[in-house]
Amino acid sequence: MAYRWGMAVDIDKCTGCEACVVACHAENNIPTVSAQQASRGRAMHWIRVERYYEGNFPDVKVKFRPVLCQQCDNAPCEAVCPTYAAHHNEDGLNAQVYNRCIGTRYCANACTYNVRFFNFFNPEWPKPLHLQLNPDVSVREVGVMEKCTFCVQRIKAAKTAAKAENKTVADGTLQPACAQACPTSAIVFGDLNDPNSRVARLATSPRGSKLLEDLGAEPKITYLAKQPWHEQDSY
Amino acid sequence: MPVSSQTALRARRSALRAGGLLAAAVLLTVTAACELASPGQPKWNDASAGRSRWGTDPVFTPARASFGQALREFMSSHPTEVAQPFDFSHQIHLGKGVLCTDCHTAVEQGPRAGIPGVNTCMICHSQIATERPLIQQMTKMAEEGRDFSWNRVYAYYPESHVRFEHAPHIRAQVECSTCHGNQQEQTVARRAVNMDMGFCVSCHKEKQASNDCLTCHY
Amino acid sequence: MKGIYGLYADPGLAQQAVNNLRAAGVADADITVLSSEPFEHLEFGHRDAKTAMPWIATAAGAIGLVLTYYLLGASQRSWPLITSGMPIVPLWTNLIIIFEMTMLSAIIATVITLIVTAFIGDRGKLYDPEISDGYILVGVENPVDASKLEPALAIDGGRVKRA
Amino acid sequence: MIRPVMNTTVWFWAIMLAAGTVVACGAGAWAYQLWYGIGVSGKRWPSFWALYLTNFVFWIGISHAGTLISAILRLVNAGWRRPVTRVAEVITVFALMIGAMFPIIHLGRPWLAFWLFPYPSDREIWPNFRSPLAWDFFAINTYLTGSVLFLLLPMIPDFALIRDKATGWRKKVYGSLALGWRGTTKQWNRLESAMQIMAIAILPVAVSVHTIVSFDFSMANVPMWHSTIFGPYFVAGAIFSGIAALIIAMAALRKALHLEQYLLPLHFENLGKLLLLMSILWGYFVFNERLTVWYGNEHHEMAVFWATQRGEYAPFYWTMVICNFVLPIALLSNPYTRNIIGCVVASLGVVVGMWLERFLIVVPSLSYKALPYSWGTYTPTPVELMIMAATFAAMILLYALFAKLVPIIAIWEMKAGDFVQAPRSGVGAGDPHRIAAAAEPSSPGAAS
């Protein structure tokens, strides 16, 4: 049976440390931009920790929500691409094919979650920092869109290795960089088609909800709400 | 010449002169405006100096080295013959019954076939054909700890974002010659097959292998 | 090339000349009328008005429709890529392109028909630059006997010329 | 009327030089952008579309001046259309060419734009026909092809006329352009039937083009884009701005080429009424759009709504309302101000207002999408503004060049409409409707 990769993010466990963001940058060759460019909205973070504040100082509650590509089943970004650079692959991933992208940026507009990023300039790495680039991941050039791939290079390697032994990828053996780096294990990754996988069980949890669920994109990332005992706490 | 046409001529000349001045002024203003109003943008001299925005030197970027290089990539033109530093002959070795996998050892395990270094050669050539001048030259290299710097024959341009893995193809029993041509007829490797996307796709369709884009492009 | 023609400033006289030529036994197809503007309100302006052009345009539109229908379906099936949970051959979105290509086929067919019938098909040689001054030319190309036709064309207010 | 074709004035060269300079600067700015990447424009996360697409919609809208209006007038056989049609059709052709460039300028990798063209390639992959951009490609190409042919066909008899009048190189060039036109009754009849068929075919195409342009926005699930009203709203806005552009072009030509005896106050009066009607229609659509959003009170949409009503985009919004609604209605509903100057002032207002309308559709919605964390404000850069200025200059350049090379008023159509007395003596039995239209007394305001 085909895989259907999905993720669960436990908001209760997220401390907003942004280790996932750093890990993602390192794993996926995501360029950093200068402060000036960042202030002009050219920063790229395939995963970001959104901060929302409630209440007035000093009685403030901060809520964190890691947001990455939701790998929607009915992804709005896919149909609008005139060249099939964005499409759905057999594992249920939203594929982004860099070499097919002509840079209409339509997908980024259609994306409800704003998790698609555009290479406004050619990325730069001062030598010898380019030696830390991940050889298994493309270095994208100017004019193409990019976004979270669920670390497709790891998925690909795991699938190839499993296939060589005529097995399927076992639950827990495969993790994207963000899940691997999360110190509180707030991010769980796995195959939604395997009813016994951790992520499949969490996806049906009563605490679970989808981001902007009412818009009908059918995202594959389940957010697990804060536990009731935390809500009663006064910080 | 009648007076009226002289006036017209003069008027035309002055109009041309005024237009020229206007052109120069607009060009200057735009250049200045582009430079001043957008401080975050790369400057004209950035790329030529090869310096990064951190002031470090040099910088790595996926930008093409030259316009000609970009054009070659656009037309996906690859050279079929690539000059190599050493006159290795596939023909002789395969003729003597050596197998591809004897030297390209990694091909069954991983993504890369592996291009053998001088030490692999020396496994046999410490005993065999030691009297040949080329072999002696190589032996000297091995003793001095130097290695070959082979040039790539089969390569994709970075912009194609292709990731090819040898091992699954070997496991699926695809002959080496399907993509590399008959090496028994080649001395140093030539680009015998033009591996454009249609070449890969048609074979994948035929063998019912996955035609998902993410199989190769990521 | 031989020919005889009259030049008339007034469309009414031109009509009269056409009628005279007919009376003189010249077949309708042999009478050439050249003008710098269409004369829809006069009888001679309606010669050759019948044309199959609307039918050709409709047929071309239908051909364009069918061809585009198959091109879209075939190209979408040749490499079935799923986007946004839509079907591989989504008729709703294909209809838009089918419509445009239908119209484009009809337009291009109309122009080609026009060029073939009115320009390439125009083998006549009779011409006078005075037409551009507003004169209407009525004449016969390669007449059997030009002198017989001269009285038919010689009307007060018109000039008869031979080419 | 063929005088501009035969003689060249200093003014012509001055316009060519000034406009050409700006166009060259725009080309330079584009080259700069091609070299460094789209980052030299102000585009950003989350405003991935901005000024280029605003201009795209604007110019495609302007293109609805010509072919659409002239096809309608041709089909209903309105006599007063005759001096107007070519003036209008030229706007269509050039505005479409300019408008169609913007999606390419806007691309991250414009050198790959040909991938939108359906051709069999070695990659065995075709364009995605589900994408509104692919629809755009087909719709704009159909409309452009149709409009160019619609403009060119009636020019052939005029080329023949210049061929007969001109000498030297002009005789050769225009002679070959005339394709051997003689003016046989058969040629006239075929031409007229072809024009009728094309007029019928091009009307639905023109409507579809701007509907499809509106689909570029309404297909995306973005607040205040995802609206069913966008199709007719865009078409109405396009015709609105198209008429305004037509009035401006007519007034400019009238002054520059001294066409006072052909472009009468009557034409401005009639087009002014049409503009007034479209202004009211536009107001109706905007009211519909805003009222439903406000009443629905959906929180994603309200952010965009308030940003345009009283937030950072409010000055643009209220300028737009004044330019598109208050000004035209004030000037054009009053017969004393519905003269040439009044029409031109109202039209200038409408062109500005409609540009702002397109800007307000494209930009605020992207700045305020569903997740508040990703909100951001867009500001244009000089590169974008230069390219935009260049397209306006390009329009002037192309228009001046066209008016120079081709009679801007269809001479044979004017003759056929009995506006011009040919050397013949009797008027002949013309269509009474046309004569009535020509002889209709102009309004008191226009007479001044």
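Before anything else, one term. A residue counts as buried when its relative accessible area is under 20%. Keep that cut-off in mind for chain B. Of its 218 residues, 27% count as buried. And a reminder: this is a predicted model.

Let me stay with chain B for a moment. It has 10 helices and one strand. Where does the strand fall? Along the sequence, the pattern is α-α-β-α-α-α-α-α-α-α-α. Now the contacts within chain B. Take those with a separation of 6 or more. Residues 24 or more positions apart account for 61% of them.

On to chain C, and its sheet. This is an open sheet of four strands. The order is E2-E3-E1-E4, and the pairing is antiparallel. In general, strands of a sheet pair through backbone hydrogen bonds, either parallel or antiparallel. Which strands stand at the edges here? E2 and E4 of chain C, the latter spanning 158-162. Each has a single partner strand, so one side of each is left without a neighbour in the sheet. On average, neighbouring strands of this sheet are turned by 20° against each other, direction ignored.

Now look at strand E3 of chain C, residues 136-141. Five of its six residues are buried, so the strand is largely enclosed by the rest of the structure.

E3(C) pairs with two strands that I want to show you. Take E1 of chain C, residues 3-8. E1(C) and E3(C) pair in the antiparallel sense over six bridges. Opposite it in E3(C) stands Val140(C).

Then take E2 of chain C, residues 31-34. E2(C) pairs with E3(C) over four bridges, again antiparallel. There are two positions to check. Thr32(C) faces Gly139(C) of E3(C) as its opposite residue. Leu34(C) stands opposite Leu137(C), also in E3(C).

What lies on this sheet? Helix H4 of chain C, residues 146-153, packs on it. H4(C) touches E1, E3 and E4 of chain C, and its direction makes about 10° with that of E1(C). Helix H1 of chain C, residues 11-23, lies across E1, E2 and E3 of that chain. H1(C) runs at about 15° to E3(C).

Next, a contact between chains. The crossing is right-handed. Which residues make the contact? From H2(C), they are Met53(C), Pro54(C) and Ala57(C). From H9(D), they are Arg190(D), Ser193(D), Ala194(D) and Ile197(D). By class, this contact has five nonpolar residues, one polar and one charged.

H9(D) also packs within its own chain. The partner is helix H3 of chain D, residues 51-62. Here the angle is about 165°, with the axes 10 Å apart. H3(D) and H9(D) are therefore roughly antiparallel to each other. H3(D) passes H9(D) in a left-handed crossing. On the H3(D) side, the contact is made by Phe56(D), Val57(D), Ile60(D) and Gly61(D). On the H9(D) side, look for Val209(D), His210(D), Val213(D), Asp216(D) and Phe217(D). How do these residues divide by class? Six are nonpolar, two polar and one charged.

Technical notes:
Residues are numbered from 1 along each chain as its sequence is written. Chains are lettered from A and ligands numbered from 1 in the order in which they are written. This is a predicted model: local features need pLDDT of at least 70, side-chain atom pairs count only at pLDDT 80 or more; totals for chains, interfaces and linings use all residues. Side-chain values use heavy atoms; hydrogens and water are left out. Buried means under 20% relative accessible area, exposed over 50%, partly exposed in between (1.4 Å probe, protein chains only). Two strands pair if DSSP finds at least two bridges between them. A crossing is left-handed if the near helix is turned anticlockwise from the far one by less than a right angle, and right-handed if clockwise. Contact means heavy atoms within 4.5 Å. Ala, Val, Leu, Ile, Met, Phe, Trp, Tyr, Cys and Pro count as nonpolar, Asp, Glu, Lys and Arg as charged, and the others, Gly among them, as polar. Axes are lines fitted to C-alpha atoms, for helices over the stretch in contact, and angles run from 0 to 180 degrees between N-to-C directions. Angles under 35 degrees count as roughly parallel, over 145 as roughly antiparallel, 65 to 115 as roughly perpendicular and the rest as oblique.
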